[in-house]
Structures are given as C-alpha cells and as structure tokens.
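The sequence and the model are shown first, and the description follows.

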Amino acid sequence: MAKALLEMRNITKEFPGVKALDNVTLSVEEGEIHALCGENGAGKSTLMNVLSGIYGYGTYSGEIVYDGAVCKFQTIKDSERLGIVIIHQELALVPLLSIAENMFLGNERGKKSRIDWAETFDKADKLLAEVGLNESSHTLIKDIGVGKQQLVEIAKALGKKVRLLILDEPTASLNDTESRHLLDLLLAFKKQGMTSILISHKLNEISYVADKITVIRDGSVIKTLDKRNEAFTEDIIISAMVGRDITDRFPRRKPDIGEVCLEVRNWNVDHPAFDGIKVCDNVNFNLRKGEVLGISGLMGAGRTELAMSIFGRSYGTNISGELILNGKKTVLPNVKSAIKNHIAYVTEDRKGNGLILSESITKNTSAAKPEKISRRGIINFEKEREAAETTAKEMHTKCSCVEEDVGNLSGGNMQKVLLGKWMFADPDILILDEPTRGIDVGAKYEIYCIINKMVAEGKSVILISSEMPEVLGMSDRIYVMNEGRMIAEMDAKDASQEKIMACIINSDK
C-alpha cells in the first residue's frame with residue numbers, strides 16, 4: 001500500500017451563517033489521482049482552498065499533514081514551497097503578457113532584482129513541450145484559446161516543482177479533444193510519480209482517470225470509492241452526490257410547439273478586432289413558440305457570437321441581415337431594445353459578463369429590469385428584496401440570505417442567480433449559452449426543469465451547449481454550426497452525436 005502524501009483531518013470551516021466544511025477527513029496516497037465530487041456548494045473548492053493556504057491556518061479547525069509533517073499554511077506561497085499547486089476554474093492569467101511572463105509571474109528567473117529573460121523564455125519553452133503545447137513562449141495569452149491557456153497553467157505549475165497538483169473543473173471550458181489531452185496528461189504525470197486532486201462534475205472523465213473518488217455533500221464526506229475494490233458507476237456517484245437516485249438525467253416533457261416567433265435571415269457578423277473575418281456567415285434559422293432549439297458545434301463555431309449579435313448587437317461589427325420577431329421585421333440596436341422586446345441572453349461567462357460579484361443577490365436579480373421594482377426612477381427596496389427572495393426560492397438557490405454577495409456563492413448557485421436575473425426580466429425568448437457549464441448533475445436537473453417550465457408556458461429557448469448529450473436530451477430541434485455557418489438542421493428524435501459530428505467533419509471538406 002502506497003504511503004499517504006496528504007491527510008486532512010477533521011477540517012471544519014465556517015462562514016457567517018454557513019458551515020461550509022463539517023469535520024471533513026481526506027486521505028490522498030502518493031502517486032494517485034484522487035477525484036472530489038459533489039453538488040455545487042458541497043464544500044469541494046473550500047476544502048482545497050484550506051489545503052492551499054488561501055484560507056490560512058487559524059481560519060479553520062482541524063489538521064493538515066503533508067508528507068508526514070503537520071502544516072500550518074498562512075498563504076498560498078507557503079503551500080507552493082512544498083510543491084502543492086492549485087489551478088482554479090477561472091484561470092489566473094494576464095491576457096496582455098506573454099506565456100513565459102505569465103508562467104513565471106511571482107516566480108521570476110534571475111538573480112537579485114534582475115530578470116534573466118533568456119532563461120525565462122528558454123525554460124518556458126521546455127515546460128510547454130512537457131505539456132504538449134506547440135506555442136512560442138513569446139505569444140500573448142490573449143492570442144491563444146482557453147484549452148491552451150489551461151495547459152499554460154499546468155506548465156506554470158511544473159515550473160514550481162509541483163508534487164501535488166489540484167485542478168478545479170479543468171475541462172469545464174474545453175472541447176472533447178482538449179479535455180482528453182488534458183486527462184491523458186494527468187495520467188502521464190501519474191506515471192512520473194505526481195499526485196493529483198481533481199474536482200470535476202464530468203463523471204465520465206473522473207471514471208477515466210481517477211484511482212479514488214471522495215463524494216462530499218453539504219460540507220461532509222459521504223463516501224470514498226476505490227477503483228481497486230469497486231467499479232465506479234455514474235449511478236452510484238450521483239446517488240451519493242445528491243442523496244437520491246436520478247433515474248432520468250433529462251426531465252421528460254411533452255412538446256406543444258406553436259408558430260415561428262423568431263426568424264433570422266442572411267445574418268452576417270464580422271469579428272470586432274480583425275477586419276474582414278466573418279464570425280457569422282449568412283446564417284439562417286428560426287425558432288418556434290414552446291420550443292427548445294439546440295445549437296450544437298465545436299468551440300469557435302460562432303454560436304456565442306451569433307447569440308450575442310442577435311441580443312442587441314452586443315458583439316461584432318458590420319452586422320447585416322434581418323430579424324423577424326413575431327412576424328414583424330425588427331431592429332435591435334442595443335441590449336436595452338432586446339430586453340424591451342422580451343429577449344434575454346444568459347452568457348457563458350457568468351463571472352465576467354453576467355453578474356456583479358461584489359453586489360448582493362437582490363441587486364443582481366433586479367439588474368436586467370429595474371423598472372419592475374421602481375416608480376419614476378425610485379427603487380422600492382422592499383419590493384426588490386421580495387422579488388429576489390421569490391426568485392431565489394424558485395431557483396432553489398443556496399444562500400444565507402438574498403443580501404449575500406454573489407461572489408461568495410458556489411458556481412452552481414451563481415448560475416441560478418444569473419438565470420433568475422433574466423427570468424425576472426419576463427423574456428419570451430431565452431438564449432442560454434452553456435447554461436450548465438461547471439455545475440453538478442443535481443443543479444443541472446433543476447435548470448432543465450426550469451427550461452421545461454418556460455416552454456410549457458409557451459415561451460421559447462435557444463440552448464447553446466458543447467455537451468452533445470445535453471443538446472440531444474433537451475432539444476426539440478437542433479441546428480449545427482461550423483466556422484460561422486449553419487450547416488445542418490435536424491429533429492432531435494432523429495439526431496445523434498455521430499450524425500452531428502459527421503455534419504461538422506463533412507462541412508470541412
């Protein structure tokens with residue numbers, strides 16, 4: 001039996017009004033990949049923040065034993081000195097600095113007060129090669145995609161002589177190919193003796209790489225599964241996570257689809273930064289009342305750009321084409337006009353563009369349509385709070401109260417606040433862009449139920465998702481996008497992952 005590299009004993013962590021961790025004990029063997037599963041708000045990220053020193057010694061009770069020694073980390077630097085490195089879901093990279101500069105930011109190469117740039121770029125290139133990233137270390141972060149940025153973070157960790165690598169939802173923003181590469185990289189590192197802790201909601205990925213799985217629910221460890229002793233099945237993991245069996249991942253719905261409520265004709269959008277590059281190329285599609293319309297495609301296909309350009313031209317330049325809304329040609333020159341015409345857009349970037357993290361749930365809920373809780377420009381604060389409480393209850397948002405800052409919530413509960421904000425705006429058409437990215441199966445199911453409730457009321461949903469099972473499981477009809485073009489349309493009952501991928505592959509020929 002391998003020795004335990006890490007033991008976290010009886011860890012308890014409290015925030016005002018909330019016990020985030022309740023006597024949690026976790027043991028991780030040297031050289032294993034140990035997965036942490038649980039619903040959003042279960043305490044997984046909090047536990048890793050305790051381990052890495054983000055929540056310093058004294059702010060929690062319990063004991064951390066690493067490599068046989070009791071550790072009392074006060075800062076993240078303390079844990080990094082011992083080779084414990086955490087990579088958060090929201091990557092901590094500076095867009096306008098080069099890859100090399102990001103990799104050694106705070107860990108500079110050189111002597112005294114002088115940086116040795118030759119050593120910096122040379123070492124960075126070698127680390128990039130280790131993670132299989134074929135990019136010059138001189139390249140700016142803003143010029144590479146999210147998948148490559150994730151590899152930069154891992155290379156950055158290698159530069160800190162990592163022994164225990166913690167990854168929080170590392171594949172949440174990656175496509176299938178990028179995700180598989182990252183997981184294979186973890187397996188390669190395992191062969192070299194590295195230990196990893198992986199937080200993920202993607203159960204198929206966990207089953208692929210993990211040696212053990214610890215399930216946390218409501219701040220307590222429910223069970224730890226060991227691949228050597230028992231098989232990992234999604235049903236067992238899900239039941240432990242949510243405390244109940246989910247027999248159908250996608251709630252059933254009897255479609256009642258009406259006439260066309262939105263038609264997009266010959267829609268063209270140019271990239272805002274690069275002249276002459278089309279992100280939407282003569283796109284045509286329609287949406288019907290009471291319908292969930294799925295838009296599938298690989299990352300970079302133009303789905304988000306299409307959604308944002310429709311939503312009050314909030315993305316792109318040289319936008320041309322026609323929007324027909326309920327049979328009438330309509331121009332939506334800005335976001336305010338889109339909201340006024342009962343169109344809402346739930347962004348894929350909830351932290352960057354969707355929510356004001358430093359404000360309360362109450363303020364975020366009313367932000368899209370403040371006129372509902374105001375008169376002559378004066379906000380009725382009691383009415384605003386009541387609206388927030390009602391919305392939070394409908395969304396099953398876990399929080400101490402609606403005056404809690406959104407930035408204190410888990411990712412899944414942030415997503416519920418974002419969705420609640422737009423539901424409060426009374427949309428007839430709701431555009432959902434990656435609505436379940438980085439959230440657990442229980443929260444996903446609740447969001448799916450909200451979608452079904454909307455369309456049952458005669459409203460319409462456009463669902464953009466990189467998870468094909470989600471598109472197939474929730475949609476009535478599916479469009480496939482590739483390289484800014486709509487390349488296929490099919491009824492969901494006739495669709496499959498193989499058919500969608502075949503359309504994409506054949507369109508590239």
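## Basis of the description

The structure is a predicted model.

## Strand β11 and its partners

Strand β11 spans residues 212-217, and five of its six residues are buried, so the strand is largely enclosed by the rest of the structure. One partner is strand β3 (residues 33-37), which pairs with β11 in the parallel sense over four bridges. Within this pairing, Cys-37 has Val-215 of β11 as its bridge partner.

Strand β12 (residues 220-226) is joined to β11 by six bridges, and these two strands run antiparallel. Here Lys-212 stands opposite Asp-226 of β12. Together β11 and β12 make a hairpin, with two residues between the strands. In general, strands of a sheet pair through backbone hydrogen bonds, either parallel or antiparallel.

## Helix α4

Helix α4 covers residues 117-130, a run of 14 residues. From its first C-alpha to its last it reaches 20 Å, close to the 20 Å expected at 1.5 Å a residue. At its start, a side-chain oxygen of Asp-116 comes within 3.3 Å of the backbone nitrogen of Ala-118. Just after the helix, Gly-132 adopts a positive phi of about 75 degrees.

Which residues of α4 are buried? They are Thr-120, Phe-121, Ala-124, Leu-127 and Leu-128. These residues cover an arc of only 130 degrees around the axis, which puts them on the same side of α4. They pack against α3 (99-103), β8 (114-115) and α5 (146-158). The face turned away from this buried side carries the exposed residues Ala-118, Lys-126 and Ala-129.

## Two residues with positive phi

Most residues other than glycine have a negative phi. Asp-218 has a phi near 55 degrees, a positive value in a residue other than glycine. Asp-218 lies in the loop between β11 and β12, that is, in the turn of the hairpin described above. Its relative accessibility is 53%, so Asp-218 counts as exposed, the cut-off for that class being over 50%.

Arg-376 likewise has a positive phi, near 55 degrees, and is a residue other than glycine. Its place is in the loop between β19 (374-375) and β20 (378-379). Because its relative accessibility is 80%, Arg-376 counts as exposed.

## A sheet of six strands

In what order do the strands of the open six-stranded sheet stand? The order is β18-β21-β22-β15-β23-β24, and the pairing is mixed. The edges are formed by β18 (343-346) and β24 (485-491), each with a single partner strand, so one side of each is left without a neighbour in the sheet. On average, neighbouring strands of this sheet are turned by 20 degrees against each other, direction ignored.

Within the sheet, strand β21 (residues 429-433) runs parallel to strand β22 (residues 460-464), and five bridges join them. Ile-429 stands opposite Ser-460 in β22. Helix α14 (residues 411-424) packs on the sheet and touches β18 and β21. The direction of α14 makes about 170 degrees with that of β18.

Technical notes: Residues are numbered from 1 along each chain as its sequence is written. This is a predicted model: local features need pLDDT of at least 70, side-chain atom pairs count only at pLDDT 80 or more; totals for chains, interfaces and linings use all residues. Side-chain values use heavy atoms; hydrogens and water are left out. Buried means under 20% relative accessible area, exposed over 50%, partly exposed in between (1.4 Å probe, protein chains only). Two strands pair if DSSP finds at least two bridges between them. The expected span of a helix is 1.5 Å times one less than its number of residues. The arc is that of the directions from the helix axis to the C-beta atoms. Contact means heavy atoms within 4.5 Å. A polar contact is a pair of N or O atoms within 3.5 Å; within protein, one must be able to donate a hydrogen and the other to accept it, and residues adjacent in sequence count only if both atoms are side-chain atoms. Axes are lines fitted to C-alpha atoms, for helices over the stretch in contact, and angles run from 0 to 180 degrees between N-to-C directions.
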